[in-house]
Amino acid sequence: MSQLRNQDARIVAYRALSLGALLKRTELEITLQNVDEWNLSDSERDDIVEIQFDLNNQLHHWLHNENITPHLSETEQYLLEKRLGTWSERTLSTVGWRTEALGSMLWALNRLDEIPAYDTQFDPADLLAPLDILNPTIDFIWLANLHPDITLSQARDQAESWNWRSRARELKQMGVRPPEGVTFNQIIRFTAERAYSNGYIPEPIAGDFPVLGKSYALLTIDEYSILSAIAYERYTAFSWLCEITSEWESIRID
């Protein structure tokens, strides 16, 4: 098990609030970009658009007044400062996956009871409520309390195991060869058995990580796309939280 130094609880709280602001902006973007597809009168449409812009202004004031802005990454600041309604579909998709990172943060802060299985996404509806976006954050920040170091370290190692399995499939598909004398299947079987013994995965299926009632190797392309994103986002969150990297990873901008 890794011996790591964890982030301060209040720093984690600010990071969660930063991610929450990004996801709140995502909600406004989606509403604004889809409003023309709804069966509305012109006045109803205009009212909804006005509300979204008003909420976005409130979000900016909240970030400033609650001193969250200094905790945003450079990329987060860039995205939040863009005019409402200008995010691309790719940006919306990429930012949307930050729900998995935010969920991991909220669990670490004892704001969620559990982390869903690695073949199940966090429910976005469960994530913004604990943050109480647009309202005072003093209680959330000053009462921030993390799980014990050993619990966080185990969660980080579990996330690493799942991210490793995702990466192993990618390398195999790319035609990368394993070390001489072993096969990818043998490496996967050994790693699955070790992960199971450590309590990081349920009982293996066919010598592989079990997901969606089958072995990881049998995932469809679409299923793999979702599960690999879950593992990557959670691994990113826990790696930062356990200070493997001290800087929050930037979101790619197209």
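**Helix α7 and what follows**

Gly175 comes after α7 and has a positive phi, near 85 degrees. The model is predicted: local features need pLDDT of at least 70, side-chain atom pairs count only at pLDDT 80 or more, and totals for chains, interfaces and linings use all residues. Residues are numbered from 1 along each chain as its sequence is written, and side-chain values use heavy atoms, with hydrogens and water left out.

- Helix α7 covers residues 149-174; helices are DSSP runs (H or I, at least four residues) numbered from the N terminus.
- The end C-alpha atoms of α7 are 37 Å apart, which agrees with the 38 Å that its 26 residues should span at 1.5 Å a residue (1.5 Å times one less than the number of residues).

**Nonpolar cores**

- The largest nonpolar core has 62 residues, and Met105 and Leu131 have the most contacts inside it.
- Helix α1 (residues 9-34) gives the most to this core, ten residues.
- Another core, of five residues, lies apart from it and includes Leu28, Leu32, Val49 and Leu84.
- A core here is a set of buried Ala, Val, Leu, Ile, Met, Phe, Trp, Tyr and Cys residues joined through side-chain atoms within 4.5 Å; buried means under 20% relative accessible area (1.4 Å probe, protein chains only).
- Beyond its neighbours within four places in sequence, Leu131 is in contact (heavy atoms within 4.5 Å) with Ala16, Leu17, Gly20, Leu102, Leu106 and Phe140.

**Lining of the second largest pocket**

- Four residues, the largest share of this lining, come from α1.

How values were computed. Helix = DSSP H or I, 4+ residues; strand = E, 2+ residues; numbered from the N terminus. Buried < 20%, exposed > 50% of the residue type's maximum accessible area, 1.4 Å probe, protein only.
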